[in-house]
Amino acid sequence: MTTRPRAAGIFVALAATLFAAGAHAQSADSESTAVAPPDAAKQISDLNGQVEGMTESVQTLLSDVDKLKRFKFSGYIQARWETAETKNDSVKVAGSPATLTPANTERFYIRRARLKLTYDSSPLSQAVVYFDGGADRTIRLLEAYVTLLDPWTAYHTHALTVGQMDVPFGYEIERSSSVRELPERSRAENVLFSGERDRGIKLVDQWTLKFETVLAVMNGGGINQPDFPNTDPTRGKDFMARARYAQGTVDGAISYYTGRNTTPLTGPDVQTDKTRLGFDTQVYYQLPVVGGGSLKGEYFGGRNVNADSLKALIAEPTSANPVRLLKPGANPAHLATDFVGWYVMWVQNVGEHFQATVRYDAFDPNHDLAHDQFARTCLGVNWFYDGFTRVTVSYDIPKTDRALAGGAYDDPHDNLWTVQVQHKF
Amino acid sequence: MKRLIPLAALAAAGLLGVAGSVAAAGRGITVKGSDTMVILAQRWAETYMAGHPGSIVQVTGGGSGTGIAALINGTTDICTASRPMKEDEKRKLRDRFQSMGTEIAVAKDGLSIYLNDQNPVKQLSFAQLRDIYTGTISNWKQVGGNDALIVPYGRENSSGTYVYFKDNVLLGRDYSPRCQTLPGTAAVVNAVVRDPNGIGYGGAAYAKGVKDCAVSKDEKNPAVLPNAATVKDGSYPVTRDLFFYTRVRPAGDTKKFIDWVLSDEGQALATKVGYFPVR
């Protein structure tokens, strides 16, 4: 778009000001000396020339600014302090399987330091590049995708995205960590969708303001897989679909995922099923004086390769026998197991600056097996310092069965305090 | 000791939060957003403060989009908007406040189509306006005017008027690259005053030195000029509500101010400024 009117406005204002100043000087001269007035027409002509020059400069500048406005930088930093319950346990971080850091019960660290660059090329296309630092990693590419919007509907309600992006499944995955009420996602999500992102193609159709469907085809490994991003060992691609109805105070979606998982062995690899069915719902309400609140829940069910089964059924290579094989008598079909995961969460805002959250999440990676379940209660308080910064204090109470001698089990002392300061820009 | 540190952090956060809330309570009511509504909101604020000694209402513009962003960021108590909130804006508000916000219609506005006084064109249909602003029609001769290139003027995309016009007149289509973007309704009016081939849109209250164009919704309906009667009865087809938005249901001083805006006195002031009462 051009900027002629704004420049013309500047011209008019400048001309009026300078001409008024000239007129004032002229008036003073006429009072004192009564000499002939200066050539006003020449002055205006000179001013015209100057202002035309300025107009060209301003037009160029505004054109450049218009291009720059197509770039949008955003991001956030999460600086964190963690302390576990006893010195005998390590601080746990998210992952699949959950990663135990070296013995280190208290630490400061950067959980997430993210920078996103969005370029709105035109009303019909957009490109995004998103980097992540923190969590003891080097800087890595988190997302990079191109979105094309359809030209045939007025509001461009069909969008095709190609590249590396969030897996379109459920509610938690696509919800930015910068807006989540608790520092980490549920265990089921962490295990089933480690890293939350993958490479592929996604079609989003906004059929009405309230109803949306998503179809996607992706490699299936996810960005935290060791092979990523060079190979897709399953060759066949994973398929996912989601339908969401967003009424406003009650939203809900159903998600489906199907694919194959490859367990590499010396010789033929083993292929197992990878299926996920998900339901999620969010209910919002308002309490007079206190503020808004919500109840949220999500369920994950299906079949997935099981980390414990891998340990139990596969003989890992050693220096004496450098091959990776199934143990004698092991059934490769048992590498994958039926799982169930879910969470329920209550969020209550208190006034403008506070928010309290309670979440209970559970994950059973093999519901034919006892003592492998994980459950956790998370309590959190958010204090919103301003529109960009918040402080989160959370307390996680995980419950797991640790095998003891004599067939007994106990729950290790691994409760976790987290204090996090986040600034979003 | 280790357990005390998070508790101390929590307590400190609580104390600072309470202190912040007290400080916020002392700063009065902040109103930010629509440039279309800025004059109206200022008049409401001035009159309200005059009648309620000790109360403070601070009004700034910036555009409806800017006001909604401020509402989401928590940097304004009331957002003024000349368009309804978009779904993604509601989602952002909900992410932070678990609330879809409270929408309150506070006045009505006829969105005038401004033409230069010398322009012989007197009326346009929605379809013609859409074609002019999307670039399909580029010469006044195509709509019964002189043989001259049409110069369409519009607002920046942070403007609620920009969004309203796009949604309701252009039916979501993108503006032509030929449309010249200006920072406020007054600037649009000034541009059309100076440009015999210009056309602009904006609040009826700003239409000084330009002529209003009669507008018809389609060929079956007559073209109608914006005035108090046609806006109030809805026969003028480009009529919109002007909104206040709050994060949650208004309470305290904010509620008192909004109640006053909706009172007979507040609504009479809206009429005096050039808008139309909402009830």
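Buried here means under 20% relative accessible area, exposed means over 50%, and partly exposed is anything in between, using a 1.4 Å probe and protein chains only. By that scale A:Ala370, at 51% relative accessibility, counts as exposed. This is a predicted model, so local features need pLDDT of at least 70 and side-chain atom pairs count only at pLDDT 80 or more, while totals for chains, interfaces and linings use all residues. Residues are numbered from 1 along each chain as its sequence is written, chains are lettered from A and ligands numbered from 1 in the order in which they are written, and side-chain values use heavy atoms, with hydrogens and water left out.

**Chain A in outline**

- Chain A has 4 helices and 22 strands, where helices (H or I, at least four residues) and strands (E, at least two) are DSSP runs numbered from the N terminus.
- Out of 425 residues in chain A, 43% count as buried.
- Taking contacts in chain A with a separation of 6 or more, 56% come from residues 24 or more positions apart; contact means heavy atoms within 4.5 Å.
- The exposed A:Ala370 sits in the loop between strand 17 and strand 18 (374-384) of chain A.

**Salt bridges**

- Side chains of opposite charge can pair when their charged atoms come close.
- The whole structure holds 38 salt bridges over all chains, each one a side-chain nitrogen of Lys or Arg within 4 Å of a carboxyl oxygen of Asp or Glu.
- A:Arg80 pairs with A:Glu82 in a salt bridge, with the closest N and O atoms 3.5 Å apart. A:Arg80 is buried at 3% relative accessibility, and A:Glu82 is buried at 2%.
- A:Arg80 and A:Glu82 also belong to a salt-bridge network that links them with A:Arg107, A:Arg111, A:Arg112 and A:Glu184.
- A:Arg359 and A:Glu172 make another salt bridge, at 3.7 Å between the closest N and O atoms. A:Arg359 is in strand 17 (residues 354-364) of chain A and A:Glu172 is in the loop between strand 7 (158-166) and helix 3 (187-192) of chain A, so this pair ties together parts 187 residues apart in sequence.
- Both ends of that pair are covered: A:Arg359 is buried at 3%, and A:Glu172 is buried at 5%.
- A:Glu174 bridges to A:Arg242, with the closest N and O atoms 2.5 Å apart. This one links distant parts of the chain, 68 residues apart: A:Glu174 in the loop between strand 7 and helix 3 of chain A, and A:Arg242 in strand 10 of chain A.
- A:Glu174 is partly exposed at 30% relative accessibility, whereas A:Arg242 is buried at 6%.

**A:Arg244**

- A:Arg244 lies in strand 10 (residues 238-246) of chain A and is buried, with a relative accessible area of 13%.
- Its side chain reaches the backbone oxygen of A:Gly170 at 3.4 Å.
- Leaving out residues up to four places away in sequence, A:Arg244 touches A:Gly170, A:Tyr171, A:Lys210, A:Phe211, A:Glu212, A:Gly252, A:Ala253, A:Asp280 and A:Gln282.

**Helix packing in chain B**

- Two packed helices are described by the angle between their axes and the distance between the axes. Axes are lines fitted to C-alpha atoms, for helices over the stretch in contact, and angles run from 0 to 180 degrees between N-to-C directions.
- Helix 2 (residues 38-51) and helix 9 (residues 252-262) of chain B have axes that come within 11 Å and cross at roughly 110°.

**Helix 6 of chain B**

- Helix 6 (residues 160-168) of chain B is mostly covered, with 7 of its 9 residues buried.
- Those buried residues pack against helix 3 (64-73), strand 4 (102-115), helix 5 (126-134), strand 6 (151-155), strand 8 (198-203) and strand 11 (239-246) of chain B.

Notes:
Polar contact = N/O pair within 3.5 Å; in protein donor to acceptor, adjacent residues only side chain to side chain.
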